Protein chains: 2
Amino acid sequence: MSRFSCRLAGLAVLALALLPASLPANERVISAEASDPQTMGWMEGFPPPADKLVMQPESDFFGFPKLRWTVCHLRELLPTEVVSRGLGAPEPLDYALDEEAIDALTFTPLGREREMTWQQSLSANYTDGVLILHRGKVVYERYFGCLDEAGKHGAMSMTKSLTGLLAEILVAEGKLDDQTLVATIIPELADSGFGDATVRQVMDMTTALSFSEDYSDPTADIWTYSVAASPLPKPEGYEGPDGYFEYLQTVEASGAHGEAFGYRTVNSDVLGWIVSRVSGKEVTELLSERIWSRMGAEQDAYMTVDAKGTPFAGGGLSAGLRDLGRIGLLMLNEGTINGRRLFSGTGRGRHPGRWRPSRLCQGGVHDPAGGSYRSMWWVLHNEHGAFAARGVHGQTIYVDPSAAMVLVRFASFPAAKNAPIDPTSLPAYQAVADYLRTK
Amino acid sequence: MSRFSCRLAGLAVLALALLPASLPANERVISAEASDPQTMGWMEGFPPPADKLVMQPESDFFGFPKLRWTVCHLRELLPTEVVSRGLGAPEPLDYALDEEAIDALTFTPLGREREMTWQQSLSANYTDGVLILHRGKVVYERYFGCLDEAGKHGAMSMTKSLTGLLAEILVAEGKLDDQTLVATIIPELADSGFGDATVRQVMDMTTALSFSEDYSDPTADIWTYSVAASPLPKPEGYEGPDGYFEYLQTVEASGAHGEAFGYRTVNSDVLGWIVSRVSGKEVTELLSERIWSRMGAEQDAYMTVDAKGTPFAGGGLSAGLRDLGRIGLLMLNEGTINGRRLFSGTGRGRHPGRWRPSRLCQGGVHDPAGGSYRSMWWVLHNEHGAFAARGVHGQTIYVDPSAAMVLVRFASFPAAKNAPIDPTSLPAYQAVADYLRTK
């Protein structure tokens with residue numbers, strides 16, 4: 001396992017890190033405007049016409065362009081558990097809007113020659129919502145597609161970063177030792193590939209597992225995993241694992257843990273299991289108790305669950321845009337929001353100073369292409385010390401400490417992988433950060 | 001159709017109106033304390049042991065005693081749609097607690113000789129939560145079983161009363177004429193039994209339909225309806241109707257509309273369809289827009305949906321106890337809460353003064369056993385002018401205008417019908433009202 005300190009790695013890191021850049025030909029042709037769910041008329045009418053129905057599971061509800069409706073309506077298709085904000089009053093964000101100036105900012109997309117404005121990037125990215133905070137105040141906020149300020153959007157793999165945050169909180173409090181072997185905490189995993197990995201290796205995804213997450217391969221493990229995890233009744237005669245916990249026990253090792261980073265969602269589900277076993281609470285409940293009910297959230301969030309009620313710690317969260325802005329502020333400000341400290345990487349725990357959100361890039365595990373992943377947050381190793389939560393189809397919470405900037409974007413880009421969306425995203429974020437640093 | 005003005009009808013009205021009083025023998029034996037979901041250990045552990053799982057659909061999740069867990073967790077088993085409270089601050093209820101005095105109140109259960117205290121009635125009724133408001137202030141609030149102040153509980157058929165309220169709001173605004181034939185508004189229902197019924201007949205359930213809601217008869221229509229309405233994939237080879245709207249088109253007439261009251265849930269689903277067609281909004285959306293986002297609600301509510309995203313207007317709502325207290329206050333105070341008028345039966349519409357919540361008992365359609373049902377609210381015709389929303393397993397919003405009292409109870413009584421639960425409920429409510437009238 002190679003660790004390294006902050007270095008200037010440039011914006012290409014994550015764009016290159018995340019696999020195929022190609023889009024199926026039919027997905028290229030429909031623009032953000034033409035694929036707007038309202039324009040498409042998905043689920044409109046009483047009843048919606050047959051060709052406008054988005055149903056689970058037969059209608060390919062997660063395929064583009066239906067995807068653009070589905071990302072705001074996951075609870076209408078799947079069982080879910082609440083992440084409660086509690087019953088108190090929300091604490092509204094402060095505003096210092098500067099939208100005209102930001103819209104006009106220009107940048108050169110990675111690998112291209114012609115400049116683009118920030119405003120142009122929004123439809124290029126199939127943006128559903130974007131919120132930018134500078135020194136704790138909202139400077140930019142826009143909604144498109146299926147989203148509005150009272151809506152919720154699938155966070156996809158950004159869920160992992162919240163699971164990672166919960167684990168770090170437990171580590172800092174001395175309730176979880178990240179050097180413990182997984183089997184010590186979850187004996188059911190002793191015979192699986194996870195058994196002899198440390199919690200830290202799971203947190204940083206340096207476990208060595210036989211698990212293929214190549215969505216383009218119909219025999220990939222990710223599909224067996226999907227069937228196991230589905231909350232819907234299993235197919236007739238199905239005898240495989242039911243639910244996340246049963247599936248995880250079937251994952252085998254492949255090589256030695258700790259030697260290389262490998263992005264596999266099952267690590268997040270194991271971490272969710274660890275967090276629950278150690279805390280005695282579901283991930284949803286702990287997330288509510290430690291974060292959602294204490295950060296002044298405006299909305300409840302929710303997580304999809306398997307048939308046994310286990311929340312999908314690797315990708316099941318849906319939340320409001322502003323509430324993920326609050327998560328970004330917490331990460332930027334070392335666990336503090338609205339003058340209250342919700343968590344801390346320093347002080348009380350057994351690992352003082354080990355994990356400080358704003359210094360993520362001092363830790364981090366080397367990604368083969370140059371990025372790194374620490375406690376389920378991506379570290380960019382750029383000159384700004386930026387780090388991010390990221391999810392398929394363009395989701396991000398992007399934190400730039402040097403610019404005191406938090407940027408949250410929900411999107412429904414046709415392709416899942418971030419590779420084709422990063423070229424018009426990462427340099428755009430950098431341009432906004434550069435602008436905000438001058439203010 | 002026989003209408004009649006307020007009269008003294010006594011508390012037996014609804015107890016007698018609501019069918020079989022018998023409980024299966026095995027359901028009698030487990031007390032409220034012994035069947036408490038935490039005592040039973042449903043869904044506890046990571047993962048829960050196999051015999052503690054509550055799963056959809058194979059585990060009989062709505063059977064007693066699992067029911068006592070399920071009523072607080074419907075969204076974890078089924079797809080749902082939010083009824084948004086919006087993003088503002090909740091408006092907390094005022095408190096003037098008087099719990100000791102109320103606990104000690106005594107009453108004689110219907111058909112029995114020995115008195116019981118209010119406090120004793122709570123476990124006799126498998127109460128999950130009870131809230132009593134007097135002159136707008138909370139005088140009593142208790143949680144049991146699966147519920148707490150931040151939880152939500154299935155409202156069951158109380159959902160109908162909210163659908164009825166939405167219809168009344170549209171009538172008062174002149175957007176819906178309750179004398180219109182259903183087929184005029186929903187042409188798809190022209191050939192069904194609903195086609196030549198008036199909206200008012202649907203609202204008061206005086207339609208004459210061939211639809212059996214006898215849950216003890218396995219060939220009853222209610223089961224065909226349940227299969228059609230299920231959001232889960234249909235059984236292999238299923239060719240019947242899919243969803244509420246398709247099913248409703250298959251319901252046939254039986255006799256002449258307007259002659260007798262017949263409690264059939266399908267009326268509420270037709271009314272939901274009418275409300276949506278007229279308003280252009282889903283029931284969830286209209287309920288949020290007109291009520292939930294304007295009454296100072298503490299929590300979002302939600303409704304279960306069919307596979308096409310249609311909310312279950314006849315029974316799908318889950319909500320917080322205090323929020324249903326706010327609904328009761330709105331009904332008691334003619335549409336006013338927190339100094340704001342949210343709706344009105346008088347004034348602007350084409351039917352001034354026609355429907356005033358506190359005068360429900362001046363309208364109402366005669367139930368064969370003596371109660372009446374008006375706009376999907378039960379009217380007791382007692383000397384207090386009380387009216388109520390009611391749902392299976394003991395749910396109620398009970399409004400007593402003469403005592404300025406609103407009482408909300410969530411419960412998970414073993415039997416569905418209210419007949420066995422009313423004897424220890426209706427006289428208990430009356431006792432509390434009598435006490436509050438003296439204050």
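Visitor: In which loop of chain A is M43(A) found?

Guide: This is a predicted model, in which local features need pLDDT of at least 70 and side-chain atom pairs count only at pLDDT 80 or more, while totals for chains, interfaces and linings use all residues. Residues are numbered from 1 along each chain as its sequence is written, chains are lettered from A and ligands numbered from 1 in the order in which they are written, and side-chain values use heavy atoms, with hydrogens and water left out. M43(A) is not a glycine, yet its phi is positive, at about 60°. With helices taken as DSSP runs of H or I of at least four residues and strands as runs of E of at least two, numbered from the N terminus, the place of M43(A) is the loop between α3 and α4 of chain A.

Visitor: Which residues of chain A lose the most area to chain B?

Guide: Between them the chains bury about 3,400 Å², where buried area is the accessible area (1.4 Å probe) that two parts lose on being put together, summed over both. Carbon and sulfur atoms carry 62% of that area. On the side of chain A, 27% of what is buried comes from three residues together, namely F46(A), R75(A) and L87(A).

Visitor: How many residues of chain B are in contact with chain A?

Guide: Contact here means heavy atoms within 4.5 Å, and on the side of chain A the contact involves 43 residues.

Visitor: What angle of rotation superposes chain A on chain B?

Guide: The copies are superposed by least squares on the C-alpha atoms of residues with pLDDT of at least 70 in both, giving an RMSD of 0.0 Å with 0.0 Å of shift along the axis. The two copies are therefore related as by a two-fold rotation axis, and 100% of the contact residues of chain A recur in chain B. The rotation is 180°.

Visitor: Which residue of chain A meets K152(B) in a salt bridge?

Guide: A salt bridge requires a side-chain nitrogen of Lys or Arg within 4 Å of a carboxyl oxygen of Asp or Glu, and the rule finds two across the interface of chain A and chain B. In one of them, the N to O distance is 4.0 Å and the partner of K152(B) is D300(A).

Visitor: Which helix of chain A holds R200(A), which meets E168(A) in a salt bridge?

Guide: The side chains of E168(A) and R200(A) meet at 2.8 Å, N to O. The pair links distant parts of the chain, 32 residues apart, with E168(A) in helix α7 (residues 158–172) and R200(A) in helix α9 (residues 199–204).

Visitor: Is the disulfide of C72(A) and C146(A) right-handed or left-handed?

Guide: A disulfide is counted when two cysteine sulfur atoms lie within 2.5 Å, and C72(A) and C146(A) are joined with S to S at 2.0 Å. This pair links distant parts of the chain, 74 residues apart, with C72(A) in the loop between α4 (67–70) and β1 and C146(A) in the loop between β6 (137–143) and β7 (153–154) of chain A. Because the torsion about the S-S bond is about 60°, the disulfide is right-handed.
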